[in-house]
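Biologist: I have a model on screen and would like to learn how to read it. Where do we begin?

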Amino acid sequence: MKRTFGAVLTVLGIIGIIYGGYSFIQHTGDTRSVWVAVIIGIIFFSSGISLVRTTKDV
């Protein structure tokens, strides 16, 4: 269950980082919303990776 949640967080983080990068390149949206998307994406990605790495298989 924890590994699945970690994988979901990782995927959401990747989506957030890609969306922020795409918005930054295309100059869509204001600067604050782009940075918020990137920061939340990084938080989700790092917490998901950490959860997957620290959870042991049973």
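**The buried side of α1**

Modeller: Begin with what is covered. In α1, the buried residues are G6, L9, T10, G13, G16, G20 and S23. Keep in mind that this is a predicted model.

Biologist: What covers the buried residues of α1?

Modeller: Look for the element packed over them. Here the cover includes α2.

Biologist: Which residues are buried in α2?

Modeller: Read the other helix in the same way. V34, A37, V38, G41 and G48 are the buried ones in α2. They pack against α1.

Biologist: How many helices and strands does the chain have?

Modeller: Count the elements before judging the fold. The chain has two helices and zero strands.

Biologist: How do I check the length of a helix? What span does α1 reach from its first C-alpha to its last?

Modeller: α1 has 25 residues and spans 36 Å, close to the 36 Å expected at 1.5 Å a residue. α2 covers residues 31-54, which is 24 residues. Its end-to-end C-alpha distance is 35 Å, close to an expected 34 Å.

Biologist: What happens just after α1?

Modeller: Check the backbone angles there. H27 has a positive phi of about 60 degrees.

Biologist: Which residues is T10 in contact with, leaving aside its neighbours within four places in sequence?

Modeller: Setting those neighbours aside shows the partners further along the chain. For T10 they are F44, F45, G48 and I49. Of these, G48 is listed as buried in α2.

Biologist: How do I read the overall shape? What radius of gyration does the chain have?

Modeller: Set the value against a compact globule. The chain has 13 Å, while a compact globule of 58 residues would have a value near 10 Å. The C-alpha box along the principal axes is roughly 45 × 15 × 10 Å.

Biologist: And what share of the residues is buried?

Modeller: Buried residues make up 22% of the 58. For the surface, look at area and atom type.

Biologist: What about contacts between residues 24 or more positions apart?

Modeller: Sort contacts by sequence separation. Of those with a separation of 6 or more, 71% join residues 24 or more positions apart.

Conventions
Residues numbered from 1 in each chain as written. Predicted model: local features only at pLDDT ≥ 70, side-chain atom pairs only at ≥ 80, totals over all residues. Heavy atoms only, no water. Contact = heavy atoms within 4.5 Å. Helix = DSSP H or I, 4+ residues; strand = E, 2+ residues; numbered from the N terminus. Rg over C-alpha atoms; globule rule 2.2 N^0.38 Å. Buried < 20%, exposed > 50% of the residue type's maximum accessible area, 1.4 Å probe, protein only. Expected span 1.5 Å × (residues − 1).
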